[in-house]
Amino acid sequence: MLRTVVWWSVGGFLSATYSRVLMRLPLFYKPQLHVALTGLGYCIGSYCSDTEDRFNVWFNHIYEVPEDAPLWIQKKLKARIDKVDLLNKIAEDLPEEMKMTPYWEKRLEAASHN
């Protein structure tokens, strides 16, 4: 949570500073703009952090197996969760040369060689 709030607050402060650089004014000319944009960044960061927390709670709630669900649904959900856990464990145990890199990393590698 703190990282998100600090990130957005610093972003607000730096945007105020950069706008002063573009207008060729002293950096801290009328500092209330810096305070206002830092406060706005804090508000946005707090909202984003709360949204992330709510999403994580909701996402974990999706994969909970209800106690009153029919037995076949419980088995199916548990099997799916076990399959994902097994795949994650297998992916961690793979040697480095067998791990697949995501396509965006391949693009970045190809672009850096040119």
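This is a predicted model: local features need pLDDT of at least 70, side-chain atom pairs count only at pLDDT 80 or more; totals for chains, interfaces and linings use all residues.
View 1. Residues are numbered from 1 along each chain as its sequence is written, and side-chain values use heavy atoms, with hydrogens and water left out. The protein chain has four helices and zero strands; these are DSSP runs numbered from the N terminus (helices: H or I, at least four residues; strands: E, at least two). Of its 114 residues, 12% count as buried, where buried means under 20% relative accessible area, exposed over 50%, and partly exposed in between (1.4 Å probe, protein chains only). The chain exposes about 10,000 Å², and carbon and sulfur atoms supply 66% of that area (Shrake-Rupley method, 1.4 Å probe; for residues, only the protein chains shown count as cover).

**View 2. A nonpolar surface patch covers about 980 Å².** Its members include L2, F13, Y18 and F28. A patch is made of residues with over 30% relative accessible area and no salt bridge; like charges are joined within 9 Å, and nonpolar side chains (Val, Leu, Ile, Met, Phe, Trp, Tyr) within 5 Å. A salt bridge here is a side-chain nitrogen of Lys or Arg within 4 Å of a carboxyl oxygen of Asp or Glu. L2 lies in helix α1, residues 2–22, and is exposed because its relative accessible area is 64%.

**View 3. Here we zoom in on F13, in helix α1.** Why is F13 partly exposed? Its relative accessibility is 31%, so F13 falls in that class. Leaving aside neighbours within four places in sequence, F13 is in contact with F28, H34 and T38, contact being heavy atoms within 4.5 Å. The C-alpha atoms of F13 and G39 are separated by 8.8 Å, although these residues are 26 apart along the chain.

**View 4. Next comes helix α2 and its buried residues, H34, G41, G45, S46 and S49.** These buried residues pack against α1. How far apart are the end C-alpha atoms of α2? They are 45 Å apart, which agrees with the 45 Å that its 31 residues should span at 1.5 Å a residue (1.5 Å times one less than the number of residues).

**View 5. Y63 sits in the loop between α2 (32–62) and α3 (71–93).** Y63 is partly exposed because its relative accessible area is 43%. Its C-alpha atom and that of K78, 15 residues apart along the chain, are separated by 8.9 Å.
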